[in-house]
Amino acid sequence: MPTKREGFKAIRFKVHNIAKNSMTKYVLRRLLYLIPIFFGILIIVFVATRMAGDPVKLMTGLNPRITFEARERLTQYYGLDQPLYYQFLKFVWEMLQGNLGNSYAIRGGTAVTTLVGNYAWETFKLQLAALFFSLVIAIPIGILSARKQYSKLDMTVTTTSLVGTCIPIFYMGIVAILIFSYFLGWFPYGAAHSLDPTRYPFGSYLLDELWHMFLPVAALTFAELAPVVLLVRSSMLEVLRQDYILAARASGLSERTVIYKHALRNALIPVVTYVGLYFGGMLAGAPITEKVFNWPGVGRLYVEAISKLDFPVITGITVFVTLMVLVANLITDIAYAYIDPRIRIE
Amino acid sequence: MASKEILKIENLTTYFYTWAGVVKAVDGVSLDVREGETLGLVGESGSGKSVTALSILRIVPRPGKIIGGKIIYKGENLLEKTEGEMQQIRGKEIAYISQEPGTSLNPVFSIADQLTEVIRRHQNVTKEEALKRAIELFRIVEIADPEIKVWNYPHQLSGGMKQRIAIAKALSCQPSLLLADEPTTNLDVTIQAQILELMKNLKEKLGMSMILVTHDMGVVAGVADRINVMYAGRICEVASTKTIFRNPLHPYTRALLEAVPNVALRKDKLKIIPGTIPNLISPPSGCRFHPRCDFALAECASTVPPLVEIESEHYVACIRAKEFTEKTVRGVKR
């Protein structure tokens with residue numbers, strides 16, 4: 001028990017320690033929950049893909065001279081003649097050793113881990129930049145809009161956001177390409193890099209990367225911006241009505257402290273939930289955006305793999321995305337507990 | 001009794017500009033608070049008593065706006081001060097305790113954070129000193145284990161405890177005037193009594209003045225020195241607590257007192273005031289109470305009754321107040 005003589009720091013350290021311990025327990029418990037969820041999702045996807053069709057037939061369908069025996073040999077080669085449970089257990093066993101199999105369709109059986117590794121980074125880069133910019137722009141606008149509720153500024157912001165939410169990204173993306181690439185010629189039409197190093201702006205690889213990122217990031221930012229603005233605004237309005245804001249004002253705190261310390265921390269709780277859910281999902285890639293901008297991301301890879309019934313790639317991406325979603329949820333929960341002490345101690 | 005006034009409100013008018021129309025929440029309220037006294041501000045919900053309190057600190061929430069009047073605190077008009085000057089007065093000179101103990105503390109910061117923040121805002125002290133002061137305040141408001149409790153978050157504390165902390169927060173900078181807005185409304189009766197007793201003692205100890213806003217006649221009876229009765233944005237009767245309870249003159253005050261259950265009278269039914277508080281967008285003409293008043297005359301609908309001193313220190317805003325005095329003298333008490 002801390003005594004009167006103990007200073008601020010000593011007591012704070014003690015309390016911090018207790019919080020940290022309960023936090024560790026909390027995280028561990030959440031991690032344990034993840035295991036059954038992960039395997040559940042895996043089983044569903046594994047069974048569902050194998051019910052979707054026969055990849056061997058798809059591969060050989062256009063070859064009129066293929067023999068029945070050749071098909072049988074291919075089926076055996078891919079192990080698709082084995083019972084489903086055997087295939088699944090084999091997959092899990094290999095997965096635990098870090099092997100997600102080889103693609104049926106891409107460049108003579110590229111390892112799925114390599115594929116996911118390459119494509120995931122491109123997706124991650126795009127989405128992270130878009131999320132960063134949308135939050136940095138949306139939060140201040142949402143706060144301002146809430147503080148000046150029903151003003152002209154607020155009306156403009158809410159209307160624009162509503163319109164922004166309604167415009168589909170493929171439309172936005174195509175219009176952006178049309179204007180900035182076709183008419184103005186400022187940005188490339190798509191892809192993540194210039195194929196020819198001589199076309200790098202100022203000969204810099206990094207600049208080339210940023211140059212290619214600009215349009216897709218802008219389109220994604222715009223698409224993500226609107227819902228966050230509306231969420232921050234409504235959440236802030238709710239918080240500003242609370243008694244503790246009035247109490248904070250009544251105790252002579254400056255408007256800045258009241259808004260950015262007392263109100264914002266409370267208003268961000270629903271935003272964290274939103275971003276957490278969104279972040280998990282967006283690592284699956286934005287198939288449409290990636291298609292429009294011809295971006296070599298996970299989303300595009302996923303869609304292509306499904307259309308070719310490329311089982312290892314489908315399951316491989318599923319494993320990756322599931323893990324990412326679960327991790328994102330965990331991070332959300334931790335962020336939650338950090339912001340809101342009511343969750344920390346149960 | 002005639003001590004100096006610490007706060008004098010003249011003709012305060014606060015309106016809320018809503019979509020439906022202008023809500024005249026406080027419409028020409030004048031009152032004064034003397035040094036060291038507790039002034040009870042009594043009325044139904046929606047009578048403008050809370051808005052009056054918030055107007056004093058100039059923290060009326062949007063879309064409310066103070067339209068006119070004067071709020072003279074220690075000889076200076078608060079309505080002429082800049083926002084920066086007001087921030088120096090809020091919490092330091094005039095403190096405020098809000099209705100809901102449960103929601104008046106920010107749920108995401110520890111009590112220590114919230115108390116030291118206010119202390120450091122108004123006093124030039126280090127974090128450690130502010131913390132010591134906060135623990136001291138916890139002792140003053142009689143919370144056990146202050147060194148531990150100070151690190152708690154609001155959700156870990158009971159309602160009574162939270163209200164004690166709200167009081168501690170209000171007292172942290174030794175204000176001269178305390179505005180307590182229904183400080184006990186949401187507490188259990190036993191806790192109510194404790195909190196009221198605590199506030200009463202602290203007020204004496206620190207020599208503060210206090211405005212106690214409440215709709216509970218029982219609460220003001222025990223604590224207030226004088227009472228202002230408010231109805232629909234206006235003051236209708238001002239007198240010492242004793243006078244208000246012994247000899248209420250305004251029909252509204254009488255009705256309010258009759259609506260308080262009284263075991264001694266052994267009545268089966270409580271008297272209720274018919275109707276509801278009027279819509280303050282288009283309040284009744286003349287005396288705002290006349291549609292609900294048992295004694296209303298035709299004249300009541302057209303004339304706004306001024307607040308007139310009927311006896312010494314007893315002001316009533318009713319054109320028939322004189323008649324009621326005579327009746328009371330003849331023993332035709334309520």
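In chain B of this predicted model, B:Val308 sits across from B:Val316 of strand S12(B). Helices (H or I, at least four residues) and strands (E, at least two) are DSSP runs numbered from the N terminus.

**How to read the values**
- Residues are numbered from 1 along each chain as its sequence is written, and chains are lettered from A and ligands numbered from 1 in the order in which they are written.
- In this predicted model local features need pLDDT of at least 70, side-chain atom pairs count only at pLDDT 80 or more, and totals for chains, interfaces and linings use all residues, while side-chain values use heavy atoms, with hydrogens and water left out.

**The sheet of 8 strands in chain B**
- The order in this open sheet is S6-S7-S8-S3-S9-S10-S12-S11, with mixed pairing.
- Strand S6 (94-97) and S11 of chain B are the edges, and each has a single partner strand, so one side of each lacks a neighbour in the sheet.
- S11(B) and S12(B) make a hairpin with 2 residues between them, and B:Glu313 in the turn has a positive phi of about 65 degrees.
- Strand S3 (residues 38-42) and strand S9 (residues 226-231) of chain B are parallel, paired over 4 bridges, and B:Leu39 stands opposite B:Arg226 in S9(B).
- Helix H10 (residues 251-258) of chain B lies across S3, S9 and strand S10 (234-240) of chain B, at about 100 degrees to S9(B).

**The sheet of 4 strands in chain B**
- Here the order is S2-S1-S4-S5 in an open sheet with antiparallel pairing, and strand S2 (22-34) and strand S5 (76-77) of chain B are the edge strands.
- Strand S1 (residues 5-17) of chain B pairs with S2(B) over 9 bridges in the antiparallel sense; B:Thr14 has B:Val26 in S2(B) as its bridge partner.
- Helix H1 (residues 49-57) of chain B packs on this sheet and touches S1, S2 and strand S4 (64-73) of chain B, its direction making about 110 degrees with that of S1(B).

**Where chain A meets chain B**
- Contact (heavy atoms within 4.5 Å) links 35 residues of chain A with 36 residues of chain B.
- The buried area, which is the accessible area (1.4 Å probe) lost on putting the two parts together, summed over both, is about 3300 Å², with carbon and sulfur atoms giving 63%.
- There is 1 salt bridge between the chains, a term for a side-chain nitrogen of Lys or Arg within 4 Å of a carboxyl oxygen of Asp or Glu.
- B:Glu117 and A:Lys261 form a salt bridge whose closest N and O atoms are 3.1 Å apart.
- On the side of chain A that touches chain B, two or more residues each come from helix H1 (8-52), helix H9 (243-250), helix H10 (255-282) and helix H14 (341-344) of chain A, with H10(A) giving the most, 7 residues.

**Backbone points to look at**
- Most residues other than glycine have a negative phi, and most peptide bonds are trans.
- The peptide bond from B:Arg62 to B:Pro63 is cis, with omega near 0 degrees, and B:Pro63 is in the loop between H1 and S4 of chain B.
- A:Leu309 has a positive phi, near 50 degrees, and lies in the loop between helix H12 (298-307) and helix H13 (311-339) of chain A.

Notes:
Two strands pair if DSSP finds at least two bridges between them. Axes are lines fitted to C-alpha atoms, for helices over the stretch in contact, and angles run from 0 to 180 degrees between N-to-C directions.
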